[in-house]
Amino acid sequence: MGSMRASPLPLLASSSSIFFFLLLPLLLCSPVAADGGTTPTVASPPSSPAAPATAVGDLASSNGDAAAVPPAAAPTAPLVEVKHHHLRRELIIAIALASIAGVTIVLAALYAGVMWQRYRRTPDDFKDTQSTDTARIALVPILNNFNSFKSSKKCLVAMMEYTSLEKATGNFSDSNVLGIGGFGCVYKANFDGGFVAAVKRLGGEDQEYEKEFENELDLLQRIRHSNIVSLVGFCIHEDNRFIVYELMENGSLETQLHGPSHGSALSWHIRMKIALDTARGLEYLHEHCSPPIIHRDLKSSNILLDSDFNAKISDFGLAVSSGNRSKGNLKLSGTLGYVAPEYLLDGKLTEKSDVYAFGVVLLELLLGRRPIEKMAPSQCQSIVTWAMPQLIDRSKLPTIIDPVIKNTMDLKHLYQVAAVAVLCVQPEPSYRPLITDVLHSLIPLVPMELGGSLRATLESPRVSQHRSPC
Ligand SMILES: Nc1ncnc2c1ncn2[C@@H]1O[C@H](COP(=O)(O)OP(=O)(O)O)[C@@H](O)[C@H]1O
Ligand SMILES: [Mg+2]
(Lines give C-alpha, C1' and ligand atoms only; values in the text may rest on other atoms or scores of the structure.)
(Ligands and ions follow the chains in the order given, each with its own letter.)
Protein backbone atom coordinates (compact mmCIF):
# COMPACT_ATOMS: atom_id res chain seq x y z
CA MET A 1 0.00 0.00 0.00
CA GLY A 2 1.09 3.31 -0.19
CA SER A 3 1.53 4.77 3.10
CA MET A 4 -0.14 8.13 2.84
CA ARG A 5 1.85 9.97 0.29
CA ALA A 6 2.66 13.58 0.87
CA SER A 7 0.71 15.79 -1.44
CA PRO A 8 2.59 17.78 -4.00
CA LEU A 9 0.51 20.75 -2.99
CA PRO A 10 2.49 21.90 0.04
CA LEU A 11 5.55 21.66 -2.12
CA LEU A 12 3.94 23.82 -4.71
CA ALA A 13 2.83 26.22 -2.07
CA SER A 14 6.23 26.49 -0.54
CA SER A 15 8.01 26.67 -3.87
CA SER A 16 5.69 29.39 -5.02
CA SER A 17 6.41 31.25 -1.79
CA ILE A 18 10.13 30.80 -2.33
CA PHE A 19 9.68 32.00 -5.87
CA PHE A 20 8.02 35.10 -4.60
CA PHE A 21 10.62 35.69 -1.93
CA LEU A 22 13.38 35.37 -4.51
CA LEU A 23 11.55 37.58 -6.88
CA LEU A 24 10.86 40.26 -4.31
CA PRO A 25 14.41 41.60 -3.88
CA LEU A 26 14.82 41.56 -7.63
CA LEU A 27 11.64 43.52 -8.02
CA LEU A 28 12.84 46.00 -5.44
CA CYS A 29 16.38 46.31 -6.79
CA SER A 30 15.73 46.32 -10.49
CA PRO A 31 15.07 49.85 -11.72
CA VAL A 32 13.37 48.50 -14.79
CA ALA A 33 10.95 46.75 -12.52
CA ALA A 34 10.89 49.68 -10.13
CA ASP A 35 9.78 52.19 -12.61
CA GLY A 36 8.49 49.98 -15.27
CA GLY A 37 11.22 51.07 -17.58
CA THR A 38 9.54 54.39 -18.22
CA THR A 39 11.43 56.67 -15.87
CA PRO A 40 13.45 59.15 -17.89
CA THR A 41 17.03 59.50 -16.81
CA VAL A 42 16.46 63.03 -15.62
CA ALA A 43 19.74 63.15 -13.75
CA SER A 44 21.49 63.27 -17.08
CA PRO A 45 20.53 65.89 -19.52
CA PRO A 46 19.10 64.33 -22.65
CA SER A 47 21.80 65.84 -24.70
CA SER A 48 24.58 64.57 -22.45
CA PRO A 49 26.81 61.87 -23.92
CA ALA A 50 26.08 59.98 -20.69
CA ALA A 51 22.43 59.73 -21.66
CA PRO A 52 22.60 56.11 -22.78
CA ALA A 53 23.98 55.22 -19.34
CA THR A 54 21.83 52.60 -17.80
CA ALA A 55 19.08 53.34 -15.38
CA VAL A 56 20.89 51.10 -12.92
CA GLY A 57 23.79 53.50 -12.94
CA ASP A 58 21.41 56.33 -12.38
CA LEU A 59 19.57 54.67 -9.59
CA ALA A 60 22.80 53.64 -7.92
CA SER A 61 24.08 57.14 -7.97
CA SER A 62 20.83 58.51 -6.73
CA ASN A 63 20.72 55.94 -3.94
CA GLY A 64 24.05 56.12 -2.38
CA ASP A 65 26.56 58.01 -4.41
CA ALA A 66 25.04 61.43 -4.30
CA ALA A 67 27.43 62.45 -1.51
CA ALA A 68 30.33 61.35 -3.66
CA VAL A 69 29.45 63.78 -6.39
CA PRO A 70 32.04 66.57 -6.21
CA PRO A 71 30.39 69.87 -5.31
CA ALA A 72 31.98 71.44 -8.33
CA ALA A 73 30.32 68.95 -10.55
CA ALA A 74 27.01 69.41 -8.78
CA PRO A 75 24.34 70.59 -11.15
CA THR A 76 22.18 73.51 -10.45
CA ALA A 77 19.81 73.41 -7.42
CA PRO A 78 16.60 72.71 -9.44
CA LEU A 79 18.20 69.65 -10.94
CA VAL A 80 19.05 68.31 -7.45
CA GLU A 81 15.45 68.92 -6.43
CA VAL A 82 14.18 67.07 -9.47
CA LYS A 83 16.57 64.24 -8.67
CA HIS A 84 15.35 64.02 -5.03
CA HIS A 85 11.80 64.24 -6.17
CA HIS A 86 12.44 61.39 -8.59
CA LEU A 87 14.14 59.42 -5.85
CA ARG A 88 11.01 59.71 -3.70
CA ARG A 89 8.86 58.59 -6.63
CA GLU A 90 11.00 55.51 -7.14
CA LEU A 91 10.85 54.74 -3.44
CA ILE A 92 7.05 54.98 -3.47
CA ILE A 93 6.85 52.75 -6.55
CA ALA A 94 9.18 50.24 -4.92
CA ILE A 95 7.08 50.21 -1.73
CA ALA A 96 3.91 49.83 -3.77
CA LEU A 97 5.36 46.92 -5.72
CA ALA A 98 6.62 45.33 -2.52
CA SER A 99 3.11 45.60 -1.05
CA ILE A 100 1.60 44.03 -4.17
CA ALA A 101 4.13 41.22 -3.98
CA GLY A 102 3.37 40.77 -0.27
CA VAL A 103 -0.38 40.57 -0.89
CA THR A 104 0.24 38.11 -3.74
CA ILE A 105 2.27 35.88 -1.42
CA VAL A 106 -0.46 35.94 1.23
CA LEU A 107 -3.13 35.13 -1.38
CA ALA A 108 -1.01 32.33 -2.87
CA ALA A 109 -0.41 30.87 0.59
CA LEU A 110 -4.14 31.03 1.40
CA TYR A 111 -5.04 29.37 -1.90
CA ALA A 112 -2.46 26.63 -1.36
CA GLY A 113 -3.80 26.13 2.17
CA VAL A 114 -7.37 25.70 0.92
CA MET A 115 -6.28 23.28 -1.81
CA TRP A 116 -4.22 21.30 0.67
CA GLN A 117 -7.17 20.97 3.03
CA ARG A 118 -9.35 19.70 0.18
CA TYR A 119 -6.74 17.25 -0.92
CA ARG A 120 -6.20 15.85 2.57
CA ARG A 121 -9.88 15.65 3.36
CA THR A 122 -10.50 12.64 5.60
CA PRO A 123 -13.72 10.77 6.24
CA ASP A 124 -14.17 13.07 9.28
CA ASP A 125 -14.44 15.95 6.95
CA PHE A 126 -16.95 14.20 4.77
CA LYS A 127 -19.41 14.46 7.63
CA ASP A 128 -19.33 18.20 7.39
CA THR A 129 -19.62 18.52 3.66
CA GLN A 130 -21.58 15.48 2.68
CA SER A 131 -24.62 15.56 4.87
CA THR A 132 -26.75 17.27 2.27
CA ASP A 133 -25.82 15.27 -0.79
CA THR A 134 -23.81 18.13 -2.19
CA ALA A 135 -20.34 18.11 -3.70
CA ARG A 136 -20.79 14.90 -5.62
CA ILE A 137 -18.24 13.40 -7.89
CA ALA A 138 -19.86 11.95 -10.96
CA LEU A 139 -19.89 8.18 -10.64
CA VAL A 140 -19.95 7.19 -14.28
CA PRO A 141 -16.53 8.42 -15.38
CA ILE A 142 -14.93 6.66 -12.43
CA LEU A 143 -16.80 3.46 -13.05
CA ASN A 144 -15.82 3.65 -16.69
CA ASN A 145 -12.24 3.54 -15.52
CA PHE A 146 -12.98 0.83 -13.03
CA ASN A 147 -10.56 -1.71 -14.44
CA SER A 148 -7.77 0.76 -14.80
CA PHE A 149 -8.10 2.27 -11.39
CA LYS A 150 -8.20 -1.12 -9.71
CA SER A 151 -4.56 -1.54 -10.46
CA SER A 152 -3.67 2.05 -9.82
CA LYS A 153 -2.11 3.14 -6.54
CA LYS A 154 -3.96 6.41 -6.72
CA CYS A 155 -6.82 6.91 -4.35
CA LEU A 156 -9.82 7.06 -6.62
CA VAL A 157 -12.99 6.61 -4.68
CA ALA A 158 -16.32 7.87 -5.89
CA MET A 159 -18.58 9.88 -3.65
CA MET A 160 -21.90 8.41 -4.75
CA GLU A 161 -25.37 9.86 -4.73
CA TYR A 162 -27.81 8.31 -2.33
CA THR A 163 -30.52 8.31 -4.99
CA SER A 164 -28.34 6.25 -7.34
CA LEU A 165 -27.70 3.67 -4.58
CA GLU A 166 -31.40 3.60 -3.74
CA LYS A 167 -32.28 2.97 -7.38
CA ALA A 168 -29.53 0.39 -7.97
CA THR A 169 -30.53 -1.70 -4.95
CA GLY A 170 -34.29 -1.52 -5.65
CA ASN A 171 -34.73 0.70 -2.62
CA PHE A 172 -32.59 -1.65 -0.53
CA SER A 173 -34.92 -4.50 -1.23
CA ASP A 174 -34.66 -7.76 0.72
CA SER A 175 -34.33 -9.63 -2.54
CA ASN A 176 -30.98 -7.90 -3.11
CA VAL A 177 -29.45 -8.78 0.27
CA LEU A 178 -26.07 -10.47 -0.20
CA GLY A 179 -25.15 -10.79 3.43
CA ILE A 180 -25.83 -9.49 6.90
CA GLY A 181 -23.17 -7.62 8.80
CA GLY A 182 -22.87 -6.28 12.30
CA PHE A 183 -24.33 -2.84 11.51
CA GLY A 184 -26.59 -3.60 8.57
CA CYS A 185 -26.97 -5.51 5.33
CA VAL A 186 -24.93 -5.73 2.17
CA TYR A 187 -26.98 -5.37 -1.03
CA LYS A 188 -26.42 -6.20 -4.64
CA ALA A 189 -26.62 -3.03 -6.74
CA ASN A 190 -27.31 -2.83 -10.48
CA PHE A 191 -26.33 0.61 -11.76
CA ASP A 192 -27.42 2.17 -15.01
CA GLY A 193 -25.13 1.02 -17.75
CA GLY A 194 -24.91 -2.53 -16.43
CA PHE A 195 -22.33 -1.99 -13.70
CA VAL A 196 -22.92 -4.22 -10.66
CA ALA A 197 -21.51 -3.75 -7.17
CA ALA A 198 -22.11 -4.57 -3.51
CA VAL A 199 -23.36 -1.85 -1.17
CA LYS A 200 -22.93 -2.11 2.59
CA ARG A 201 -25.34 0.02 4.58
CA LEU A 202 -24.24 0.92 8.11
CA GLY A 203 -26.46 2.52 10.69
CA GLY A 204 -28.23 2.04 13.99
CA GLU A 205 -28.11 3.12 17.58
CA ASP A 206 -24.54 2.10 18.28
CA GLN A 207 -22.31 4.92 17.09
CA GLU A 208 -19.50 2.41 16.68
CA TYR A 209 -20.59 1.99 13.05
CA GLU A 210 -19.29 5.45 12.24
CA LYS A 211 -15.83 4.54 13.48
CA GLU A 212 -15.84 1.32 11.47
CA PHE A 213 -17.06 3.18 8.40
CA GLU A 214 -14.29 5.76 8.64
CA ASN A 215 -11.67 3.15 9.42
CA GLU A 216 -12.65 0.92 6.53
CA LEU A 217 -12.76 3.81 4.06
CA ASP A 218 -9.47 5.20 5.26
CA LEU A 219 -7.66 1.89 4.89
CA LEU A 220 -9.35 0.49 1.79
CA GLN A 221 -8.84 3.62 -0.25
CA ARG A 222 -5.10 3.22 0.24
CA ILE A 223 -4.97 -0.51 -0.50
CA ARG A 224 -5.03 -2.10 -3.93
CA HIS A 225 -4.30 -5.80 -4.16
CA SER A 226 -5.81 -8.66 -6.09
CA ASN A 227 -6.59 -10.49 -2.85
CA ILE A 228 -8.16 -7.55 -1.06
CA VAL A 229 -11.69 -6.51 -1.99
CA SER A 230 -11.75 -3.28 -4.02
CA LEU A 231 -13.45 -0.17 -2.79
CA VAL A 232 -15.60 1.55 -5.41
CA GLY A 233 -17.20 4.40 -3.52
CA PHE A 234 -19.08 5.64 -0.51
CA CYS A 235 -22.04 7.77 0.43
CA ILE A 236 -23.25 9.55 3.54
CA HIS A 237 -26.95 10.14 3.79
CA GLU A 238 -28.55 11.39 7.00
CA ASP A 239 -27.63 8.83 9.67
CA ASN A 240 -26.66 6.13 7.23
CA ARG A 241 -23.25 5.36 5.83
CA PHE A 242 -22.69 3.33 2.68
CA ILE A 243 -19.61 1.60 1.33
CA VAL A 244 -19.63 0.34 -2.25
CA TYR A 245 -17.36 -2.57 -3.18
CA GLU A 246 -16.70 -4.69 -6.21
CA LEU A 247 -19.28 -7.47 -6.30
CA MET A 248 -18.00 -10.89 -5.26
CA GLU A 249 -20.34 -13.22 -7.10
CA ASN A 250 -19.71 -16.33 -5.02
CA GLY A 251 -20.31 -14.60 -1.71
CA SER A 252 -18.41 -15.40 1.44
CA LEU A 253 -16.38 -18.49 2.24
CA GLU A 254 -18.59 -18.92 5.30
CA THR A 255 -21.74 -19.18 3.17
CA GLN A 256 -20.00 -21.55 0.78
CA LEU A 257 -18.78 -23.83 3.57
CA HIS A 258 -21.57 -23.67 6.08
CA GLY A 259 -24.52 -22.51 3.96
CA PRO A 260 -27.01 -24.63 1.99
CA SER A 261 -24.36 -26.04 -0.39
CA HIS A 262 -22.18 -27.26 2.52
CA GLY A 263 -18.96 -26.73 0.61
CA SER A 264 -19.93 -28.82 -2.41
CA ALA A 265 -18.73 -26.09 -4.79
CA LEU A 266 -15.30 -26.17 -3.20
CA SER A 267 -12.97 -28.94 -4.35
CA TRP A 268 -9.70 -29.68 -2.56
CA HIS A 269 -7.72 -27.64 -5.05
CA ILE A 270 -10.16 -24.72 -4.89
CA ARG A 271 -9.87 -24.80 -1.10
CA MET A 272 -6.10 -24.72 -1.34
CA LYS A 273 -6.36 -21.83 -3.77
CA ILE A 274 -8.63 -19.95 -1.35
CA ALA A 275 -6.10 -20.54 1.44
CA LEU A 276 -3.27 -19.35 -0.82
CA ASP A 277 -5.15 -16.24 -1.97
CA THR A 278 -6.00 -15.36 1.63
CA ALA A 279 -2.36 -15.83 2.65
CA ARG A 280 -1.33 -13.55 -0.23
CA GLY A 281 -3.77 -10.87 0.92
CA LEU A 282 -2.51 -11.13 4.49
CA GLU A 283 1.11 -11.11 3.39
CA TYR A 284 0.42 -7.89 1.53
CA LEU A 285 -1.08 -6.33 4.68
CA HIS A 286 1.71 -7.53 6.97
CA GLU A 287 4.76 -7.26 4.77
CA HIS A 288 4.07 -4.74 2.05
CA CYS A 289 2.05 -2.05 3.79
CA SER A 290 3.86 0.65 5.61
CA PRO A 291 3.08 0.69 8.48
CA PRO A 292 1.86 -2.92 8.45
CA ILE A 293 -1.87 -3.53 8.79
CA ILE A 294 -3.35 -6.09 11.17
CA HIS A 295 -6.81 -7.13 9.98
CA ARG A 296 -8.02 -8.17 13.46
CA ASP A 297 -11.17 -9.86 12.15
CA LEU A 298 -10.05 -12.46 9.65
CA LYS A 299 -12.71 -15.16 9.37
CA SER A 300 -14.57 -17.10 6.72
CA SER A 301 -17.37 -14.50 6.47
CA ASN A 302 -14.75 -11.85 5.68
CA ILE A 303 -13.17 -13.88 2.88
CA LEU A 304 -15.13 -13.26 -0.31
CA LEU A 305 -15.09 -15.26 -3.53
CA ASP A 306 -15.48 -13.93 -7.04
CA SER A 307 -16.98 -15.78 -9.98
CA ASP A 308 -13.74 -17.78 -10.44
CA PHE A 309 -13.35 -18.46 -6.73
CA ASN A 310 -10.51 -16.01 -6.39
CA ALA A 311 -10.50 -15.13 -2.71
CA LYS A 312 -10.28 -11.58 -1.37
CA ILE A 313 -10.10 -10.34 2.19
CA SER A 314 -12.85 -7.87 3.10
CA ASP A 315 -14.29 -5.98 6.06
CA PHE A 316 -11.59 -3.61 7.32
CA GLY A 317 -13.77 -1.99 9.97
CA LEU A 318 -11.56 -3.27 12.79
CA ALA A 319 -8.22 -3.30 11.00
CA VAL A 320 -5.36 -1.31 12.47
CA SER A 321 -2.14 0.05 11.13
CA SER A 322 0.61 -1.23 13.42
CA GLY A 323 1.49 2.36 14.15
CA ASN A 324 -1.80 2.76 16.05
CA ARG A 325 -1.96 -0.49 17.91
CA SER A 326 -0.09 0.68 20.97
CA LYS A 327 -2.72 3.32 21.57
CA GLY A 328 -4.48 2.37 24.75
CA ASN A 329 -7.89 3.20 23.33
CA LEU A 330 -7.94 0.19 21.02
CA LYS A 331 -10.99 -1.82 22.02
CA LEU A 332 -10.60 -5.59 22.25
CA SER A 333 -12.40 -6.77 19.12
CA GLY A 334 -12.70 -9.81 16.93
CA THR A 335 -14.85 -12.90 16.62
CA LEU A 336 -14.90 -15.72 19.12
CA GLY A 337 -13.29 -18.80 17.70
CA TYR A 338 -10.83 -16.79 15.63
CA VAL A 339 -9.29 -14.57 18.29
CA ALA A 340 -5.77 -15.53 19.31
CA PRO A 341 -5.46 -16.44 23.02
CA GLU A 342 -2.79 -13.81 23.82
CA TYR A 343 -5.00 -11.08 22.35
CA LEU A 344 -8.08 -12.34 24.15
CA LEU A 345 -6.33 -12.68 27.51
CA ASP A 346 -3.70 -9.93 27.47
CA GLY A 347 -4.78 -7.67 24.62
CA LYS A 348 -1.44 -8.39 22.95
CA LEU A 349 -1.99 -7.62 19.27
CA THR A 350 0.54 -8.51 16.58
CA GLU A 351 0.52 -9.82 13.02
CA LYS A 352 0.59 -13.26 14.64
CA SER A 353 -3.02 -12.70 15.78
CA ASP A 354 -4.01 -12.72 12.10
CA VAL A 355 -1.89 -15.85 11.57
CA TYR A 356 -3.89 -17.59 14.32
CA ALA A 357 -7.17 -16.59 12.65
CA PHE A 358 -5.78 -17.81 9.33
CA GLY A 359 -5.06 -21.21 10.96
CA VAL A 360 -8.68 -21.41 12.09
CA VAL A 361 -9.87 -20.68 8.52
CA LEU A 362 -7.53 -23.40 7.26
CA LEU A 363 -9.14 -25.83 9.70
CA GLU A 364 -12.58 -24.80 8.47
CA LEU A 365 -11.47 -25.52 4.91
CA LEU A 366 -10.05 -28.93 5.86
CA LEU A 367 -12.75 -30.10 8.21
CA GLY A 368 -15.84 -28.24 6.95
CA ARG A 369 -16.74 -27.40 10.55
CA ARG A 370 -17.52 -24.05 12.14
CA PRO A 371 -14.86 -22.57 14.43
CA ILE A 372 -17.12 -22.93 17.44
CA GLU A 373 -19.66 -25.72 17.51
CA LYS A 374 -22.43 -26.32 20.00
CA MET A 375 -22.05 -29.71 21.63
CA ALA A 376 -24.93 -29.35 24.07
CA PRO A 377 -27.20 -26.36 24.91
CA SER A 378 -24.66 -24.96 27.34
CA GLN A 379 -21.53 -26.45 25.87
CA CYS A 380 -19.45 -25.15 23.00
CA GLN A 381 -16.29 -26.54 21.57
CA SER A 382 -13.66 -24.76 19.55
CA ILE A 383 -12.43 -26.36 16.36
CA VAL A 384 -8.87 -25.93 17.63
CA THR A 385 -9.26 -27.91 20.85
CA TRP A 386 -11.39 -30.52 19.13
CA ALA A 387 -9.12 -31.06 16.14
CA MET A 388 -5.65 -30.63 17.58
CA PRO A 389 -5.06 -34.20 18.81
CA GLN A 390 -6.40 -35.69 15.57
CA LEU A 391 -4.50 -33.31 13.30
CA ILE A 392 -1.20 -34.63 14.51
CA ASP A 393 -2.25 -38.25 14.25
CA ARG A 394 -1.76 -39.38 10.65
CA SER A 395 -4.09 -42.33 10.99
CA LYS A 396 -6.93 -40.21 12.36
CA LEU A 397 -6.52 -37.13 10.19
CA PRO A 398 -8.13 -38.52 7.00
CA THR A 399 -11.19 -39.56 9.00
CA ILE A 400 -12.01 -36.08 10.24
CA ILE A 401 -11.77 -34.33 6.84
CA ASP A 402 -14.87 -32.61 5.43
CA PRO A 403 -16.88 -35.48 3.86
CA VAL A 404 -17.28 -33.38 0.69
CA ILE A 405 -13.54 -33.59 -0.06
CA LYS A 406 -12.65 -36.80 1.75
CA ASN A 407 -10.29 -38.97 -0.29
CA THR A 408 -9.98 -36.40 -3.03
CA MET A 409 -6.49 -35.23 -2.25
CA ASP A 410 -2.98 -36.53 -2.15
CA LEU A 411 -2.52 -37.58 1.50
CA LYS A 412 0.95 -36.14 1.57
CA HIS A 413 -0.56 -32.75 0.77
CA LEU A 414 -3.21 -33.19 3.41
CA TYR A 415 -0.57 -33.86 6.08
CA GLN A 416 1.35 -30.85 4.92
CA VAL A 417 -1.66 -28.51 5.17
CA ALA A 418 -2.64 -29.97 8.53
CA ALA A 419 0.89 -29.32 9.80
CA VAL A 420 0.67 -25.68 8.65
CA ALA A 421 -2.70 -25.29 10.39
CA VAL A 422 -1.32 -26.79 13.62
CA LEU A 423 1.56 -24.32 13.58
CA CYS A 424 -0.71 -21.34 12.90
CA VAL A 425 -2.95 -22.05 15.90
CA GLN A 426 -0.12 -22.53 18.40
CA PRO A 427 -1.06 -20.81 21.67
CA GLU A 428 2.39 -19.22 21.87
CA PRO A 429 2.55 -16.54 19.14
CA SER A 430 6.28 -16.86 18.61
CA TYR A 431 5.79 -20.52 17.61
CA ARG A 432 3.45 -19.48 14.81
CA PRO A 433 4.98 -18.95 11.39
CA LEU A 434 5.00 -15.65 9.56
CA ILE A 435 2.31 -15.45 6.92
CA THR A 436 5.07 -15.32 4.27
CA ASP A 437 6.23 -18.78 5.38
CA VAL A 438 2.66 -20.07 5.27
CA LEU A 439 2.27 -18.64 1.78
CA HIS A 440 5.40 -20.37 0.50
CA SER A 441 4.36 -23.69 1.96
CA LEU A 442 0.99 -23.48 0.19
CA ILE A 443 2.20 -22.50 -3.28
CA PRO A 444 3.36 -26.06 -4.24
CA LEU A 445 -0.05 -27.44 -3.25
CA VAL A 446 -2.06 -25.28 -5.65
CA PRO A 447 -2.19 -26.18 -9.36
CA MET A 448 -0.44 -23.73 -11.64
CA GLU A 449 -3.65 -22.83 -13.43
CA LEU A 450 -5.09 -21.76 -10.06
CA GLY A 451 -2.12 -19.58 -9.15
CA GLY A 452 0.21 -22.05 -7.44
CA SER A 453 3.13 -24.10 -8.74
CA LEU A 454 1.70 -27.62 -8.56
CA ARG A 455 2.01 -29.47 -11.86
CA ALA A 456 -1.18 -31.34 -11.38
CA THR A 457 -1.83 -34.42 -13.43
CA LEU A 458 -5.34 -34.72 -12.19
CA GLU A 459 -5.44 -38.36 -11.24
CA SER A 460 -8.23 -40.20 -9.62
CA PRO A 461 -8.05 -38.97 -6.02
CA ARG A 462 -8.42 -42.47 -4.61
CA VAL A 463 -5.56 -43.71 -6.74
CA SER A 464 -3.37 -40.86 -5.62
CA GLN A 465 -4.27 -41.63 -2.04
CA HIS A 466 -3.06 -45.22 -2.40
CA ARG A 467 0.10 -44.10 -4.15
CA SER A 468 0.97 -41.70 -1.41
CA PRO A 469 4.24 -42.63 0.26
CA CYS A 470 2.69 -41.65 3.58
N1 LIG B 1 -18.38 -7.22 -2.03
C2 LIG B 1 -19.24 -8.15 -1.66
N3 LIG B 1 -19.77 -9.00 -2.55
C4 LIG B 1 -20.62 -9.98 -2.18
N5 LIG B 1 -21.03 -10.16 -0.90
C6 LIG B 1 -20.53 -9.32 0.04
C7 LIG B 1 -19.64 -8.30 -0.27
N8 LIG B 1 -19.30 -7.64 0.85
C9 LIG B 1 -19.96 -8.24 1.83
N10 LIG B 1 -20.73 -9.25 1.38
C11 LIG B 1 -21.59 -10.14 2.18
O12 LIG B 1 -22.06 -9.43 3.31
C13 LIG B 1 -21.55 -10.01 4.53
C14 LIG B 1 -21.26 -8.92 5.54
O15 LIG B 1 -20.30 -8.01 4.99
P16 LIG B 1 -19.14 -7.39 5.89
O17 LIG B 1 -18.40 -6.40 5.07
O18 LIG B 1 -18.33 -8.48 6.46
O19 LIG B 1 -19.98 -6.66 6.99
P20 LIG B 1 -19.66 -6.48 8.54
O21 LIG B 1 -18.58 -5.48 8.60
O22 LIG B 1 -20.90 -5.95 9.14
O23 LIG B 1 -19.25 -7.83 9.06
C24 LIG B 1 -20.35 -10.82 4.10
O25 LIG B 1 -20.08 -11.87 4.98
C26 LIG B 1 -20.79 -11.32 2.73
O27 LIG B 1 -21.64 -12.43 2.86
MG1 LIG C 1 -17.83 -9.05 8.33
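**Reading the model step by step**

Guide: UniProt, in an unreviewed entry, lists Lys200 for "binding site"; such positions are given in the numbering used here, feature names are shortened, and annotations may be inferred rather than shown by experiment. This is a predicted model, in which local features need pLDDT of at least 70, side-chain atom pairs count only at pLDDT 80 or more, and totals for chains, interfaces and linings use all residues. Residues are numbered from 1 along each chain as its sequence is written, while chains are lettered from A and ligands numbered from 1 in the order in which they are written.

Visitor: Is Lys200 buried or exposed?

Guide: A residue is buried if 20 or more other C-beta atoms, placed from the backbone, lie within 10 Å of its own, exposed if 12 or fewer, and partly exposed in between. Lys200 is buried because 24 other C-beta atoms lie within 10 Å. Across the protein, buried residues make up 31% of the 470 residues.

Visitor: Which residues is Lys200 in contact with, leaving aside its neighbours within four places in sequence?

Guide: Contact means that the C-beta atoms of two residues, placed from the backbone, lie within 7 Å. With those neighbours left aside, Lys200 touches Gly181, Gly184, Val186, Phe242 and Ile243.

Visitor: In which strand is Lys200 found?

Guide: Helices (H or I, at least four residues) and strands (E, at least two) are DSSP runs, numbered from the N terminus. Lys200 sits in strand β4.

Visitor: How should I read a sheet?

Guide: Strands of a sheet pair through backbone hydrogen bonds, either parallel or antiparallel. Here, two strands count as paired if DSSP finds at least two bridges between them. One open sheet has six strands in the order β1-β5-β6-β4-β3-β2, with mixed pairing. Its edge strands, β1 (158-159) and β2 (177-181), each pair on one side only. Strand β1 runs parallel to β5 (residues 231-237), and two bridges join them; Met159 has Phe234 in β5 as its bridge partner.

Visitor: And what is a nonpolar core?

Guide: That is a set of buried Ala, Val, Leu, Ile, Met, Phe, Trp, Tyr and Cys residues joined through C-beta atoms within 7 Å. The largest one has 93 residues, and Phe358, Leu362 and Ala421 have the most contacts inside it. Helix α13 (residues 351-367) gives the most to this core, with eleven residues.

Visitor: Why does this core lie between domain 1 and domain 2?

Guide: Domain bounds come from an automatic or database domain assignment. Domain 1 (137-246) and domain 2 (253-466) both give residues to this core, so it lies between them.
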